[in-house]
Amino acid sequence: MRAIEVNDVWYRYPNQKEYALKGINFEVEEGEKVAIIGANGAGKSTLLLHFNGILKPERGEIKIMGGSDVKWMRSKVGLVFQNPDDQLFCPTVFEDVAFGPLNMGLPEEEVVKRVEKALKAVGLSENSGVKWGDRAPHHLSYGERQRVAIATVLSMGVDILILDEPTSNLDPKMRESLMELLLTFPHTVVVATHDIEFAAEVCERIVVMDKGEIVEEGVAERILSDGELLKSVGLKAPTIVRIFEELGIDEKPVRFHDGVEILRRLKQIRINQRGEGPTM
């Protein structure tokens, strides 16, 4: 089943002449992890806000898991904003994560189960020895607050996780932790970001936006190794791609670990060639 279908969507903000989205068409399959990349102002965040009905297209249609009713869309899509503090407003972590299920009218026992499951999914399990549910969100680190924000949408039982610029305020350690977390998720994941390295590590498909339009899309290896394409929309290819280009190596891995494996293989080939030469 297609998780998301976007058909010829146009949108402009009130009192604006220029369209923020211009005839957007693309699809996301269930279970797929997709990155929407582009410079600031490309329209990435505007598009995300259509996926759960916060914004409605002026023209065109968006379907989520086959339906386009706003209530249905919000039951299927969990949107995590760029700043987790926009989603955390209760005295404790437990209350924040329980807020959605309680408003769904679920019984207390089911709410508790959902909170525990959501916190465990983001690595904040009570079994870790820390009473995460009792902690005040504003006492947590930024990365921990972001995990709680993700838990608040997972507790709603959503099928699709949408994240807007999730790495914008993370230090390298928290960024790596978030990458590892998203790679374990069975959910459909859509990430809007200009963090190319992050997109390369987490997502198998890339959608490139510029000035409210999709200019290209495809598998990560093809899109993120195209330096000219990325430069045209104000982005740079992943560092590993640029290193291989500088070294004159034809292969262009977009993920760091793939680049390391290629260099190891080339090193071994050179060692073998030396070993096959004439001996005295």
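## Basis of the model

The model is predicted, with local features needing pLDDT of at least 70 and side-chain atom pairs counting only at pLDDT 80 or more, while totals for chains, interfaces and linings use all residues. Residues are numbered from 1 along each chain as its sequence is written, and side-chain values use heavy atoms, with hydrogens and water left out.

## Overall make-up

The protein chain contains 11 helices and nine strands; these are DSSP runs numbered from the N terminus, with helices being H or I of at least four residues and strands being E of at least two. Along the principal axes, the C-alpha atoms fill a box of roughly 85 × 55 × 35 Å. Of the 280 residues in the protein chain, 48% are buried (buried is under 20% relative accessible area, exposed over 50% and partly exposed in between, with a 1.4 Å probe and protein chains only). Among contacts with a separation of 6 or more, 63% join residues 24 or more positions apart, a contact being heavy atoms within 4.5 Å.

The protein chain exposes about 14700 Å², and carbon and sulfur atoms supply 50% of that area. Accessible areas come from the Shrake-Rupley method with a 1.4 Å probe, and for residues only the protein chains shown count as cover. The chain has 35 positive and 45 negative charges, whose mean positions are 1 Å apart. Lys and Arg count as positive and Asp and Glu as negative, without His and the chain ends; each charge is placed at NZ of Lys, CZ of Arg, CG of Asp or CD of Glu.

## The largest pocket

The largest pocket holds about 560 Å³ of space. Its lining has 22 residues, and those closest to the pocket centre are Arg74, Gly100, Thr152, Val153 and Met156. Two or more lining residues come from each of α2 (70–76), β5 (77–80), α3 (93–103) and α5 (142–154). Helix α3 gives the largest share of the lining, five residues.

A pocket here is an open set of points on a 1 Å grid over the protein atoms alone, where a 1.4 Å probe fits, with protein on both sides within 12 Å along at least five of seven lines; lining residues have an atom within 4 Å of a point. Grid points are joined across faces, edges and corners, and the volume is the space filled by probe spheres set on the points.

## Helices α3 and α5

In α3, the buried residues are Val93, Asp96, Val97, Ala98, Gly100 and Pro101. They pack against α4 (108–121) and α5. Just after α3, glycine 105 takes a positive phi of about 80 degrees.

Alanine 151 lies in α5 and is buried, at 0% relative accessible area. Beyond its neighbours within four places in sequence, alanine 151 contacts Val97, Ala118, Leu119 and Val122.

## Positive phi in two loops

Most residues other than glycine have a negative phi. Asparagine 15 has a positive phi, near 65 degrees. Asparagine 15 belongs to the loop between β1 (2–11) and β2 (21–29) and is exposed, at 81% relative accessibility.

Methionine 65 also has a positive phi, near 50 degrees. The loop that holds methionine 65 runs between β4 (59–64) and α2. Methionine 65 is buried, with a relative accessible area of 12%.

Serine 75 is in α2 and is partly exposed, with a relative accessible area of 33%. Not counting residues up to four places away in sequence, serine 75 touches Gly157 and Val158. From serine 75 to phenylalanine 244 the C-alpha distance is 44 Å, and the two are 169 residues apart in sequence.

Aspartate 250 sits in the loop between α10 (239–247) and α11 (256–275). Aspartate 250 counts as exposed because its relative accessible area is 75%. Its C-alpha atom is separated by 34 Å from that of glutamate 30, a residue 220 residues apart from aspartate 250 along the chain.
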